[in-house]
Amino acid sequence: MLKKPKVLILTAKYGNGHVQVSKTLVKQCRELGIEEVVVSDLYAESNPVFTEITQYLYLKSFTIGKQFYRMFYYGVDKIYNKKLLTLYFKLGNKRLHELIEKEQPDIIINTFPIIVVPEYRRRTGNIIPTFNVLTDFCLHKIWVHKNIDKYYVASKRVKEKVMSLGIHPASVKVTGIPIRSQFEENLNEEAIYKKYNLDPAKKTLLVMAGAHGVLKNVKELCESFLEEKNLQTVVVCGNNTALKESLESITGKNKENLKLLGYVERVDELFRVASCMVTKPGGITLSEAAAVGVPVILYKPVPGQEKENALFFQENEAALVVNRSEEVYEAVSNLLQNDKKLRRMKRNIKRLHHPNSSLTIMEDIVKEAAVFKEKKYIKAQ
């Protein structure tokens, strides 16, 4: 029996998406019988203080630092080939060397643009098949390097952008973004309505507030919809207990029209019964919405990958983008009253879904690594 490869997955906790994709790929590896999988948050392990500061700044960019993040995201894209990025190219080099020496991986997968990996190959000549799994519906140049063996991307548009930077078409595969398998299961919606005490005769608005909040005026938005007799609003607050407590004060006599939830493990169930959803345009969330086919209203995307993701879905008539808090109520209300538009958006967003993305990616990576190993063996003869 052929020996299964050992896989090293490198990620970073700038947002939850990169880590979530890593977890999904680990699960897929296990299902394929690949037991030796090591996951490393390379930057946190090599530069914990620097990483903590930059992660804090990243989170602040969603509230008070939007202009700072705009300059960083688009600025880095412009100076990609200049010496100012030399430091980033070397960041994590020592820890990477330690990991490779200790683990001896056959495959390296990046779910974050960790440029030290292809740079390590260039400097040392130690060639380990290396693959980038992109986690957004847009491309930042920092993902692209001549020593990456293959790219797995969300859409045909992203593939074209990677190719425009000189990468061969055969080295870029459109697979979609890996998501949790539960979003692709067939479930009984009647049981879901019963589980969350929801009325199937009413339309359901799902608001994904989360730990850092989607809207500044969630409370006002919920109050606006409380009197709508044929609408029930479900707010997922995540670990934001302060938000949940503030919303509890407005439920009053209309508890059946406003459901407040904390962290929800099977959030896919709520996606399935939602008529539409208010959320932030992260690549993973949008991929999950596409898998289920729930129309999305994207509120005030942060400049950078959020904005680019939002524009892509808007251009495909799969989402509405709202940039002013006072316009959210009107946008949601108008959409929920337009069944024809809801059905069209549902069809359009489902077209953006690529089924079984994680399986497609891992099977292709294993195949590519095997070809590399065979070529290396023949060359050694």
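Modeller: Start with the naming. Helices (H or I, at least four residues) and strands (E, at least two) are DSSP runs, numbered from the N terminus. By that numbering, serine 358 lies in helix 17, residues 357–380. This is a predicted model, in which local features need pLDDT of at least 70, side-chain atom pairs count only at pLDDT 80 or more, and totals for chains, interfaces and linings use all residues. Residues are numbered from 1 along each chain as its sequence is written, and side-chain values use heavy atoms, with hydrogens and water left out.

Biologist: Is serine 358 buried or exposed, and what makes it so?

Modeller: Buried means under 20% relative accessible area, exposed means over 50%, and partly exposed lies in between (1.4 Å probe, protein chains only). Serine 358 has 10%, so it is called buried.

Biologist: Which residues does serine 358 touch?

Modeller: Contact means heavy atoms within 4.5 Å. Leaving out residues up to four places away in sequence, serine 358 touches Thr24, Leu25, Gln28 and Pro178. Thr24, Leu25 and Gln28 are among the buried residues of helix 1.

Biologist: What is the span of helix 1, and how does it compare with the expected one?

Modeller: The expected span is 1.5 Å times one less than the number of residues. Helix 1 has 15 residues and reaches 21 Å from first C-alpha to last, close to the expected 21 Å. After helix 1 comes glycine 33, with a positive phi near 85°.

Biologist: Where does helix 1 lie?

Modeller: Helix 1 (residues 17–31) lies across strand 1, strand 2, strand 3 and strand 4 (130–133). Axes are lines fitted to C-alpha atoms, for helices over the stretch in contact, and angles run from 0 to 180 degrees between N-to-C directions. Helix 1 runs at about 165° to strand 1.

Biologist: How do you know that strand 1 and strand 3 pair?

Modeller: Two strands pair if DSSP finds at least two bridges between them. Four bridges join strand 1 (residues 7–11) to strand 3 (residues 107–110), and the two run parallel. In one of these, valine 7 has isoleucine 107 as its partner.

Biologist: What is the strand order in that sheet, and why are strand 2 and strand 6 called edges?

Modeller: The open sheet has six strands in the order 2-1-3-4-5-6, with parallel pairing. Strand 2 (37–41) and strand 6 (172–174) each have a single partner strand, so one side of each lacks a neighbour in the sheet. Neighbouring strands are turned by 20° against each other on average, direction ignored.

Biologist: What is the order in the other six-stranded sheet?

Modeller: This open sheet runs 9-8-7-10-11-12, again with parallel pairing. Strand 9 (258–261) and strand 12 (319–322) stand at its edges, because each has a single partner strand. Strand 7 (residues 203–208) pairs with strand 8 (residues 231–236) over six bridges. Helix 10 (residues 218–225) lies across strand 7, strand 8 and strand 9.

Biologist: What is asparagine 47 called, buried or exposed or in between?

Modeller: Asparagine 47 is partly exposed, because its relative accessible area is 27%. Asparagine 47 sits in the loop between helix 2 (42–46) and helix 3 (48–60).
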